[in-house]
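Please open the model in a viewer and keep the sequence at hand. The stops below are given in the order in which they may be selected.

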Amino acid sequence: MSVRHGLLALLAEGPSYGYQLRTRLETRTGGTWPLNIGQVYTTLSRLERDGLVEATEADGQATYRITAAGRAAVADWFAGPVERPAPARDELAIKLALAVGSPTVDVRLVLQAQRSATRHGLQELTRLRAGAGDDADLAWTLVLDALVFQAEAELRWLDHCETRFATPADVPVDAASR
């Protein structure tokens, strides 16, 4: 998540101080991506340096407001797609790739352990989503939906890996001799 753009989007709704911004951002995302307050203030300092926000001091408390340049930056962010220049390193994919080539690792056990953990996580997310009700905060339920879809996709991928591993042509020679 772009903390920079998240803070700008919240400031476009009205002036706030750092702790309020942190709380509002965490509330909107259902606490899925907690922020360190130091990260919030560091980002606000950079936004101020770049002319996207301005701070005013009152009673020892800095209040931040978005500038015209900040409004333009957040409008551009909302209007454009999220760039995904390079896939993130996926520890699970790396783990399975290494396990498949290792004569000492039972890939089926690795797959089973991950499937169990992913199912458990999916059940927790599904419980949260079901408990949210129809009147729940839309932003939070959208984040929950995204996490549910990601867990479901991981389970489908694990099924695919298991099927591929079970196909003799895809099993490395080392693994076939176990």
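Select Thr43, which counts as buried because its relative accessibility is 11%, buried meaning under 20% relative accessible area with a 1.4 Å probe and protein chains only. Thr43 belongs to helix 3, residues 37-49; helices are DSSP runs of H or I with at least four residues, numbered from the N terminus. Show the side chain of Thr43: one of its polar atoms is 2.8 Å from the backbone oxygen of Gln39. Leaving aside residues up to four places away in sequence, Thr43 touches Val3, Arg4 and Leu7, contact being heavy atoms within 4.5 Å.

The model is predicted, with local features needing pLDDT of at least 70 and side-chain atom pairs counting only at pLDDT 80 or more, whereas totals for chains, interfaces and linings use all residues. Residues are numbered from 1 along each chain as its sequence is written, and side-chain values use heavy atoms, without hydrogens and water.

Next, select helix 7 (138-166). Among the buried residues of helix 7 are Thr141, Leu144, Val148, Ala151, Leu155 and Leu158. Which helices do the buried residues of helix 7 pack against? They pack against helix 2 (18-28), helix 5 and helix 6.

Finally, colour Cys161 and Phe165, which are also buried residues of helix 7.

Key. Helix = DSSP H or I, 4+ residues; strand = E, 2+ residues; numbered from the N terminus. Buried < 20%, exposed > 50% of the residue type's maximum accessible area, 1.4 Å probe, protein only. Polar contact = N/O pair within 3.5 Å; in protein donor to acceptor, adjacent residues only side chain to side chain.
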